[in-house]
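Student: Could we go through this structure site by site? I would like the cut-offs stated along with the values.

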Amino acid sequence: MEQTVCRRVLVTGMVQGVGFRPYIYKLAVTMGLKGIVYNSGQGVVIKVEGILSRIEEFINFIHAHPLQLAHIANVNVNTFPGQGFKDFTIAVSKGGVTDKTVVPPDAATCAQCRREILDSVDRHYRYPFTNCTGCGPRFTILKELPYDRTCTSMVSFPMCESCVREYNDPGDRRFHAQPVACPVCGPKVYLVDQHGNKIKGDWVEQSRLILSKGKILAVKGLGGFHLACNGLDNSAIERLRRLKKRPAKPLAVMCRNLDVVRKYCLVTTKEAELLCSPAAPIVVLPKRSASSLPQALSPGLNTLGVMLSYTPLHILLMGRCFDLLVMTSGNKGGLPLVTDNASALAQLQGVADFFLLHDREIVNRCDDTVVCINENKTHFFRRSRGFVPEPLMVPGNNQGHRGGKDIAVLGVGGDMKNTFCLLRPGQAYLSQHIGSLDKLEGQNAWHSALQRFCHLLGVKPRAVALDMHPDYYSAALARELECPTLINVQHHHSHMAACMAENGLNGKVIGVVLDGTGYGLDGEIWGCEVLSGGYHAFAREFHLQYLPLPGGEYAVNNPWVTAVAYLISMFGEQGYEKAEQIFPDRRKQIGIIVKMINSKINTPYTSSCGRLFDAVSALLGVCRENTYDGQAAVQLGEMIPLYYQGELDPYPYTVNKGVMGVSILFSSIMHDRARSVPPEQIAKRFHDTMVAMLACAVQDVRARSGLNRVVLSGGCWHNRYLLAASHGFLADKGFDVYVHNKVPPGDAGISLGQAVIACHNIT
Ligand code: ZN
Ligand code: ZN
Ligand code: FE
């Protein structure tokens, strides 16, 4: 007979607050092992007794079948003197350390809860707030720590007897699940019209009826409101666009199940995994060319943002009635997502016909996360619900963290697509998507989210990092915090550092930062930059040739203006004529643009990559006006996959004395355009030219500096073709190339870079 042994197993990672102890309990009991499991400061500790082979099997099982919401970092096994355990138990946590100090992100409804809400004999049948330790709301309902029901918005819903029983039963799936609820004790849903009058009858049936009639329904979800309509009803979608004043920006849809997604879009295994993961993000997928999807969902694009129903409320709402529902954020243009019933009725009045409300408070606003799969890895457009507030591991620097664990460095982020970042030793906590800071509502949202984060983490920023831009709202917000240590960080340096940090890089690298707008050290608008350096400092090695931007923001919104400005500044009188030929209906305005450029009135200079893409997009007749951020560039990038007619050499360009010149590139494009070369072909050659030109600059930097690591950051790297082609090209040249896979490459990621830079520059 095998001898009984004892082992002490320490499991670290995201293992607290996710039902890990009951999982271990059940596993041990099933395997006939004795012992104890409890939370410690480092993770979950298991002391387990039994025969050696069984214990090994037990440990292997934990490795091979990690609990859905748990992310195991390490499993450490030590021998331990036997204690003669009689059974297996879950110990009540001692001291200050409990699983209640960890805040997991919200998780999509698990398969078991899904089964229960559809099972007419289960007590959770048709209950829209069903959840368990493996799923449900977390961050969005949490007011403060410890993570206890009393500290969440579930405090107003005392558990009924049945729920208490499950909550206290270590063998139950709902053991210590803080938000558990049932039809007897939990929150309730109700449907109202525009005036707040309740609609009688079953909310599920009534809501489905409303949607099937082509009406718009505002739905209170997990992290905020959505505006919903039938995703196959073209006129409903067009009406929603009209009322929301959103003519072209792609709308996300929610699908009933994975089969439905496959019916309309092409889905790889990796993409399917992401869709079905607990984070349940919006995944941007290629549309099937023969699918019957309404054009109005994502006009001018080959892709569509898709998610699966991730709460019981959504599952019940869709039923078998709808293949897909449009689920776009419930807000007024540029304002934060609406989270409470009263604001919904006030703000979405005139857009939504009906409102599906409930009486559980959304404590932390949290927009849907948007990702795609690039080169088999996750690429974030927006990192929010399902990921926040899980920290990222980043290279530590003790210097910035003198004074202990409760000291943090804050990166306040940028003005667009804002997030902020609180950095603790080795751990970066990025906020949820805050969005635009140009309005008071956005600034208030920023303030309250920051307050909540500091409170939840128990930290107070000892240093605050901000963008150098003198007019940034985020910078003004940073100054208002009255922190004695303010550190100004250049925009593109932040981008570079963000990519370094998420890849765990130290030392020096080459940074290729491509974006729309960032305030440069010379006071001009930067945006297509090849940098070298690290967290401490950087040098600007190359930049795109400076071009005029008449009217600044006006040109940003009107790519055709940028196109005209480039033609004029590159080709003078000739450019004027060309501009008039290409945009004959804009003669008058072209005259004004010329005057502005010549007299330098309200015409800053820019090396922006985004503007270059805008100009080419407008010249090729792809997009003249941006109705949403990056539209012209996005549509230009989307043309590439349509073009498969062999390889063409890049257009000519110059890389000289720190400047990447595009004058000859432009005349070549004009030449091709005059010869009626298909715009897809010109677009592809333009992209290939960018790849070659940037690689040329990067090779020059390597030759002088010996640096071989390249980080790619900035919003232009959302362009799939540009990213894949550059990555491949640089890797072929022997570079170690690093891209963003944990935070978005755009301005949503700069708070991370700011914080890391500040941390390394505190004296
Ligand atoms: Zn569940
Ligand atoms: Zn109950
Ligand atoms: Fe940027």
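Tutor: Buried means under 20% relative accessible area, exposed over 50%, and partly exposed in between, with a 1.4 Å probe and protein chains only. This is a predicted model, in which local features need pLDDT of at least 70 and side-chain atom pairs count only at pLDDT 80 or more, while totals for chains, interfaces and linings use all residues. Residues are numbered from 1 along each chain as its sequence is written, chains are lettered from A and ligands numbered from 1 in the order in which they are written, and side-chain values use heavy atoms, with hydrogens and water left out.

Student: Which residues coordinate the zinc ion (ligand 1)?

Tutor: Donors are N, O and S atoms within 2.8 Å of the metal (3.2 Å for Na, K and Ca); water is not among the atoms, so sites may look incomplete. Along the chain, the donors of this ion follow the spacing C-x2-C-x18-C-x2-C. Both Cys110 and Cys113 are buried. The SG atoms that coordinate the zinc ion (ligand 1), at 2.3 Å, belong to Cys110, Cys113, Cys132 and Cys135.

Student: What is the geometry at the site of the zinc ion (ligand 1)?

Tutor: Four donors count as tetrahedral if all angles lie between 85 and 135 degrees; four count as square planar and six as octahedral if opposite donors are over 155 degrees apart and all others between 65 and 115; anything else is irregular. The angles among the 4 donor atoms of the zinc ion (ligand 1) are 104 to 118°, and the site is tetrahedral.

Student: What arrangement do the 4 donor atoms around the iron ion (ligand 3) make?

Tutor: The protein donors of the iron ion (ligand 3) are His491 (NE2), His495 (NE2), Asp515 (OD) and Asp747 (OD), lying 2.0 to 2.2 Å from it. Their spacing along the chain is H-x3-H-x19-D-x231-D. The donor atoms subtend angles of 88 to 168°, so the arrangement is irregular.

Student: Which residues is Gly534 in contact with, leaving aside its neighbours within four places in sequence?

Tutor: Gly534 lies in the loop between β23 (525-533) and β24 (538-544). With a relative accessible area of 5%, Gly534 is buried. Contact means heavy atoms within 4.5 Å. Once the neighbours within four places are set aside, the contacts of Gly534 are His493, Met496, Met500, Gly507 and Lys508.

Student: Is Asn230 buried or exposed?

Tutor: Asn230 is in strand β8 (residues 225-230). Beyond its neighbours within four places in sequence, Asn230 is in contact with residues including Leu211, Ile237 and Phe322. Its relative accessible area is 16%, so Asn230 is buried.

Student: How far apart are the end C-alpha atoms of helix α19 (residues 663-674)?

Tutor: The expected span of a helix is 1.5 Å times one less than its number of residues. What covers the buried residues of α19 includes α15 (559-582), α17 (609-619) and α20 (679-705). The 12 residues of α19 should span 16 Å, which agrees with the distance between its end C-alpha atoms, 17 Å.

Definitions and conventions: Helices (H or I, at least four residues) and strands (E, at least two) are DSSP runs, numbered from the N terminus.
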